[in-house]
Amino acid sequence: MSALTLTPKALYEEVAELLRQRIFQRELEPGSWIDELKIAQEFGISRTPLREAIKVLAAEGLVTMKVRRGAYVTEVNEKDLRDVYHLLSLLESDAAGEVADHATPAQMQEIQALHDELEKAADDRERFFQLNERIHLRILEIADNRWRLQMVTDLRKVMKLNRHNSLLKRGRIAESLQEHRDITAAITGRDGHAAAQRMRAHFSNGLEAAA
């Protein structure tokens, strides 16, 4: 890849996104060393924007800096995974309850429409992954707390490092879909308590499948 393919956007941000996608796609495996010289040559850039990009990924938790050894793709252990799911459960269940209580009719329709798309994607794992995350983030956007949204966005990046993604477990997509039906029904039914409770159960079941 040459530098000519990069957009006018801040170079280090573009490089960070390229590296982020390589990490999520397992082209850079958890625990692997990030060879700055090799990557800089491949992208056709100097090491300065690459190092700035690595700092961004380190702040997100995707990269771990080791003294005198360089940057490594973060490895997520069982405690990390449980901690991330615990926080996501707290933050997203709170958002689901707020949305159930305060969303506009148009926003309710949007959530239902996204869920309808998820139903159609049950046999397309990649599409299901994308829609699943989009629904979760849209609920957070509607809840309208930018600090919570920022925290969840970063936590979800770390969650993606887990090589045994919960949705890869046999039968988990069907279970997740039913859980999303229950969450959507509670939200559109304006039952904030049930929406929060069902979102917590969703993360509890997801952790069990991922661990």
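A crossing of two helices is called right-handed if the near helix is turned clockwise from the far one by less than a right angle, and left-handed if anticlockwise. I note at the start that this is a predicted model.

Entry on H4 and H9. I looked up how helix H4, residues 78–102, lies against helix H9, residues 192–210, and found their axes 7 Å apart at an angle of about 155 degrees. Angles over 145 degrees count as roughly antiparallel, so H4 is roughly antiparallel to H9. Their crossing is right-handed. On the H4 side I listed the contact residues, among them Leu81, Tyr85, Leu88 and Ala96, and on the H9 side they include Ala195, Met199, Phe203 and Leu207. Sorted by class, this contact holds 11 nonpolar, five polar and four charged residues.

Entry on H4 by itself. I asked what caps the N-terminal end of H4. I found Asn77 there, with a side-chain oxygen 3.1 Å from the backbone nitrogen of Lys79. I then checked the length of H4: its 25 residues, at 1.5 Å a residue, should span 36 Å, and this agrees with the end C-alpha atoms, which are 36 Å apart.

Entry on H8 and H9. I turned next to helix H8, residues 172–188, whose axis comes within 8 Å of the axis of H9 and crosses it at roughly 165 degrees. That angle makes H8 roughly antiparallel to H9. H8 passes H9 in a left-handed crossing. From H8 the contact draws on residues including Arg172, Glu179, Ile183 and Ala186, which meet a set in H9 that includes Ala195, Arg198, Met199 and His202. I counted by class eight nonpolar, five polar and four charged residues in the contact of H8 with H9. Going back over my lists, I saw that Met199 of H9 takes part in the contact with H4 and also in the contact with H8.

Entry on H5 and H6. Which way does H5 run relative to H6, roughly parallel or roughly antiparallel? The axes of H5, residues 105–120, and H6, residues 125–143, come within 9 Å and cross at roughly 165 degrees, and that makes H5 roughly antiparallel to H6. The crossing of H5 past H6 is left-handed. Among the residues that meet are Ile111, Leu114 and Leu118 in H5, and Phe128, Leu131 and Ile135 in H6. I noted eight nonpolar, three polar and five charged residues in this contact of H5 with H6.

Notes: Residues numbered from 1 in each chain as written. Predicted model: local features only at pLDDT ≥ 70, side-chain atom pairs only at ≥ 80, totals over all residues. Heavy atoms only, no water. Axes fitted to C-alpha atoms, helices over the stretch in contact; angles between N-to-C directions. Helix = DSSP H or I, 4+ residues; strand = E, 2+ residues; numbered from the N terminus. Parallel < 35°, antiparallel > 145°, perpendicular 65-115°, else oblique. Contact = heavy atoms within 4.5 Å. Nonpolar A, V, L, I, M, F, W, Y, C, P; charged D, E, K, R; others polar. Expected span 1.5 Å × (residues − 1). Polar contact = N/O pair within 3.5 Å; in protein donor to acceptor, adjacent residues only side chain to side chain.
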